[in-house]
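Visitor: I am new to reading protein models. Could you take me through this one, term by term?

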Amino acid sequence: MVAKELINCLNQWGITQLFSITVDNASSNDVALRKVKEYLKEKDKALVLGGEMFHMRCCAHILNLVVSDGLKDMSYAISSIRNAVRYVRSSPARLKRFREACTDANVESKTLLCLDVVTRWNSTYMMLEAALKFNSVFKYMEGDAYYIKYFEEERVNGEKLDGPPEASDWSNAEVFVNFLKSFYELTLKFSGSLYVTSNLFFQEILQVQVELNDMKASKDELISKMAASMQLKFNKYWGNIEKVNLLQYIASILDPRFKLDVVRNGFRYLYESIIAETMIKKVENMMTSLYGFYQNIVVLPNSSNDQQVTENITSKSNASGNSSSTSFLIKLKFVSSEEITNDLDDYLNDRKEKLLENVDFDILDWWKRNSSKYPIVSHIARDVLAVQMSSVASESAFSTGGRILDPFRSSLSPKTVEALICS
């Protein structure tokens with residue numbers, strides 16, 4: 001069903017060529033994309049390199065799985081704080097008593113408590129980050145009989161609620177928030193929709209591995225245990241190059257600040273020397289194959305004029321009677337100009353752009369300014385850098401539609417709904 005709808009959309013939109021599709025890691029998506037790929041393979045040049053880089057797995061979803069595995073070791077601490085937040089937000093009267101407790105505890109904060117979505121760790125991070133600011137307030141509320149009674153009497157599936165949170169739970173939550181801040185920021189980077197994300201993948205994944213290595217070496221047993229669980233999941237999705245779309249490494253090469261350096265040094269940091277060199281060679285070969293594919297389909301400007309110029313000069317030389325020497329010079333001149341120059345080699349061998357801190361680098365603007373210098377590679381960059389590393393942005397659009405098109409607006413016309421969502 002998913003494959004059928006995707007193919008229908010491609011036909012309706014008149015899309016005849018496709019580089020890749022970004023989806024989450026659900027098994028149903030694997031089947032759907034395999035069918036779409038088979039359909040496109042029947043069409044001439046509909047897929048780049050036969051679809052070798054067609055299936056892009058959502059990096060934000062994979063990062064979510066990596067971190068979620070680490071959270072399992074903190075389940076009690078998280079659930080006890082979650083239940084405390086749920087108590088406060090469950091009625092206006094309880095929220096009022098909480099605000100009074102804030103005044104009594106002399107705590108001022110413009111932020112509010114928020115509940116998390118259990119399946120999304122980043123929302124758990126935000127919940128704990130907000131709750132930690134009110135740590136002393138929740139401690140103060142332990143004198144509220146209603147608050148204590150809530151934990152003693154409420155049941156979920158016949159079991160008593162975790163909580164109220166103790167000092168150790170708050171301590172663990174603080175460690176957790178500090179530890180996951182970088183992962184939360186990385187999720188936001190991967191989920192961006194107003195800037196290029198494909199060139200961020202490899203350098204950020206290297207940073208994740210650095211964080212995990214530091215965590216595994218931590219003297220804190222909880223952090224070390226979390227890191228070990230996360231490393232196993234990390235290796236499942238990103239530890240084997242066979243399971244990673246090579247386009248994610250190609251995009252790093254197309255960042256003029258790094259080129260091949262980030263791939264070479266990154267693999268050598270992650271893997272043993274023999275494996276690393278094999279991986280580097282594989283990525284370089286894929287880049288060469290991609291260049292060869294575009295070389296055959298990209299029509300360079302003025303490429304049709306050289307032959308006409310040659311014919312015009314040759315006809316003039318014949319008319320003047322000095323054909324032999326002139327034709328030799330013409331042949332010498334135009335043979336050298338017609339030799340296929342490999343602008344991929346030019347790009348890789350030219351100096352890299354400076355990497356400046358606190359300065360936003362507009363990679364699209366750089367390729368726009370240098371498109372005449374690297375005509376074929378710029379076409380590759382245009383397509384590769386357009387690929388999103390995450391499907392979260394599109395999912396958010398659907399979520400927005402669900403909030404706007406509620407039961408009270410169920411009769412709105414499609415144009416009105418589109419105007420509401422896009423405004």
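Visitor: What do the buried residues of helix 2 pack against?

Guide: They pack against helix 1 (2–13), strand 1 (21–23) and strand 2 (55–57). Contact here means heavy atoms within 4.5 Å. Helices (H or I, at least four residues) and strands (E, at least two) are DSSP runs, numbered from the N terminus. A word on the source: this is a predicted model, where local features need pLDDT of at least 70 and side-chain atom pairs count only at pLDDT 80 or more, while totals for chains, interfaces and linings use all residues. Residues are numbered from 1 along each chain as its sequence is written, and side-chain values use heavy atoms, with hydrogens and water left out.

Visitor: Which residues of helix 2 are buried?

Guide: Asn-29, Ala-32, Leu-33, Val-36 and Leu-40 are buried. Buried means under 20% relative accessible area, exposed over 50%, partly exposed in between (1.4 Å probe, protein chains only).

Visitor: What makes them line one face of helix 2?

Guide: Look down the axis of helix 2: its buried residues fall within an arc of 95°, so they line one face. The arc is that of the directions from the helix axis to the C-beta atoms. An α-helix has 3.6 residues a turn, so residues three or four places apart point the same way. The face of helix 2 turned away from the buried side carries the exposed residues Ser-27 and Lys-41.

Visitor: Why is helix 3 called largely enclosed?

Guide: Count its buried residues. They are 11 of 13, so helix 3 is largely enclosed by the rest of the structure. Among them are Cys-59, His-61, Asp-69 and Leu-71.

Visitor: Why is Asn-106 called exposed?

Guide: Its relative accessibility is 66%, so Asn-106 counts as exposed. Asn-106 lies in the loop between helix 5 (92–104) and helix 6 (121–132). Asn-106 also has a positive phi of about 60°, although it is not a glycine. Most residues other than glycine have a negative phi.

Visitor: Why does Lys-259 count as buried?

Guide: Its relative accessibility is 3%, so Lys-259 counts as buried. Lys-259 sits in the loop between helix 12 (247–253) and helix 13 (260–270). The phi of Lys-259 is positive too, near 50°.

Visitor: What makes Gln-388 partly exposed?

Guide: The relative accessible area of Gln-388 is 24%, so it is partly exposed. Gln-388 lies in the loop between helix 19 (375–384) and helix 20 (392–404). Gln-388 touches several residues, including Thr-22, Met-56 and Thr-197. Gln-388 and Thr-197 are 191 residues apart in sequence, but 6.0 Å apart in space, C-alpha to C-alpha.

Visitor: Which residues line the largest cavity?

Guide: Phe-201, Phe-202, Ile-205, Trp-238, Val-244, Tyr-249 and Leu-270 line it. A cavity is a set of points, on a 1 Å grid over the protein atoms alone, where a 1.4 Å probe fits but cannot get out; lining residues have an atom within 4 Å of a point. Helix 10 (residues 201–216) gives the largest share of the lining, three residues.

Visitor: How much of the chain is buried?

Guide: Of its 423 residues, 40% count as buried. The chain has 21 helices and four strands.

Terms used. 1 Å grid on protein atoms, 1.4 Å probe; cavity = no way out; pocket = protein on both sides within 12 Å on 5 of 7 lines; lining within 4 Å.
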